[in-house]
Amino acid sequence: MILLGSTGSIGVNTLNIARKFNLEVEVLVAGRNIQLLNQQIKEFKPKIVVIDRAEDIPLVNHNNVSFGENAILKAIEESKTSTVVNALVGFLGLRPTLKAIECGKKVALANKESLVVAGKFIDQTNLKPIDSEHFGLWYLLQNKKIDSMLITASGGSFRDYPLEKLQNVSIKEALSHPNWSMGNKITIDSATMTNKMFELMEAAWLFDIRKLDAIIETKSLIHAFINFSDGSTTAHIANTSMQLPIAYAILGSCDEQILKPVDLVEVANLEFKKIETSRYPIWEIKDEILNNLDLGVVLNAANEVAVAKFLNSEIGFLDIPKITLNAINKFNNVKPTSIDEIFEIDKEVRNYCES
Ligand SMILES: NC(=O)C1=CN([C@@H]2O[C@H](COP(=O)(O)OP(=O)(O)OC[C@H]3O[C@@H](n4cnc5c(N)ncnc54)[C@H](OP(=O)(O)O)[C@@H]3O)[C@@H](O)[C@H]2O)C=CC1
Ligand SMILES: CC(=O)[C@@H](O)[C@H](O)COP(=O)(O)O
Ligand SMILES: [Mn+2]
């Protein structure tokens with residue numbers, strides 16, 4: 001496989017699956033965690049390595065190392081392996097997704113931002129999502145008439161925090177997710193509920209449905225529900241590990257045990273809650289977004305700027321939704337008709353939010 005983002009949370013879990021199933025790793029792409037990358041190189045012996053910065057090349061224990069976005073695209077083009085796992089974070093993942101599709105590779109896609117910003121230009125023929133809720137929805141699909149789909153949210157780091165103190169939370173508090181161990185950006189997106197907004201858009205593109213919603217399930221043991229037209233509902237239950245979605249996205253199917261099954265007696269009780277706009281202001285635009293998926297590129301660009309500012313201590317936590325809601329208000333007429341326009345809009349929104 002070609003693994004983009006090998007040193008991240010999804011990347012490390014992907015290598016756990018590669019180790020378990022003895023899968024070949026032809027290309028490793030990482031950012032700045034060279035220490036972990038060197039360990040991965042030693043174990044998986046890739047032919048090609050790509051990193052973020054030229055100055056780190058001498059630190060990498062490999063004789064074929066290059067850097068930057070063009071090198072990632074070239075590695076995808078030149079490698080023989082037919083599967084690309086895209087575990088890069090943010091808009092940065094879009095060009096590699098498009099390149100992998102153009103090269104006829106199968107794409108195991110954790111980089112949900114690719115679908116959020118450019119879903120209508122992405123050919124899904126060879127695409128498998130790596131996201132627990134969408135894996136759950138896919139797992140529940142059967143040949144029956146569907147009424148609606150529902151995904152779950154943990155509620156994020158501040159689901160029980162006093163509302164009046166939210167503006168002044170620390171970065172450390174914001175990065176402590178109640179159930180999942182993930183990268184910084186998605187952990188902040190969970191706390192603001194923007195991750196769930198992205199996931200509704202992701203589900204809309206993947207399953208071609210708009211009757212979609214989300215609710216909080218505080219243990220993240222149920223990932224998805226499907227309501228069928230006959231009045232019955234099915235639920236996907238699995239312990240909190242991304243290894244099952246990753247294994248299916250890469251292998252197609254899997255009969256070996258990947259996770260310990262959920263022990264319902266041990267779980268004893270589950271708690272469900274409505275997503276309140278008082279705690280998660282982004283939820284105010286849920287219907288607007290689901291009715292106009294073109295807004296994904298605006299929401300994503302504004303959110304990336306806002307999350308970076310928060311993690312850089314430039315703004316408070318509640319300024320994140322202020323920035324995104326303001327951008328949606330300002331750019332609510334966008335109608336991208338090509339992938340080039342996606343890149344133009346992304347740039348324009350970033351410039352606006354930075355100023
Ligand atoms: N974590 C999870 O459980 C889930 C994640 N996702 C999605 O998967 C994607 C990855 O998330 P996650 O693994 O948590 O994120 P992480 O932040 O943990 O990992 C991101 C990876 O991308 C690499 N990277 C960042 N910038 C660059 C760059 N400029 N060039 C090359 N590599 C770069 C990082 O390298 P380095 O660390 O070396 O700098 C790291 O390997 C996101 O889109 C997220 O929304 C979806 C569902 C669940
Ligand atoms: C593991 C996974 O799929 C994440 O996207 C997870 O859903 C994030 O947690 P939240 O439910 O808090 O957004
Ligand atoms: Mn998810």
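Listed sites and a helix pair

Author: For "binding site", UniProt (unreviewed entry) lists Lys112, Ser132, Glu133, Ser154, His177, Ser190, Asn195, Lys196 and Glu199; positions follow the numbering used here, feature names are shortened, and annotations may be inferred rather than shown by experiment. This is a predicted model, where local features need pLDDT of at least 70, side-chain atom pairs count only at pLDDT 80 or more, and totals for chains, interfaces and linings use all residues. Residues are numbered from 1 along each chain as its sequence is written, and side-chain values use heavy atoms, with hydrogens and water left out.

Reader: Why is serine 132 called buried?

Author: Buried means under 20% relative accessible area, exposed over 50%, partly exposed in between (1.4 Å probe, protein chains only). Serine 132 has 6%, so it is buried.

Reader: What is serine 132 in contact with, leaving aside its neighbours within four places in sequence?

Author: With those neighbours left aside, serine 132 is in contact (heavy atoms within 4.5 Å) with Trp180, His223, Met242 and Pro245.

Reader: What makes serine 154 buried?

Author: Its relative accessible area is 8%, so serine 154 counts as buried.

Reader: How do you know that H14 is oblique to H15?

Author: The axes of H14 (residues 319-330) and H15 (residues 339-354) come within 11 Å and cross at roughly 125°. Therefore H14 is oblique to H15: angles under 35 degrees count as roughly parallel, over 145 as roughly antiparallel, 65 to 115 as roughly perpendicular and the rest as oblique.

Definitions and conventions: Chains lettered and ligands numbered in written order. Axes fitted to C-alpha atoms, helices over the stretch in contact; angles between N-to-C directions. Helix = DSSP H or I, 4+ residues; strand = E, 2+ residues; numbered from the N terminus.
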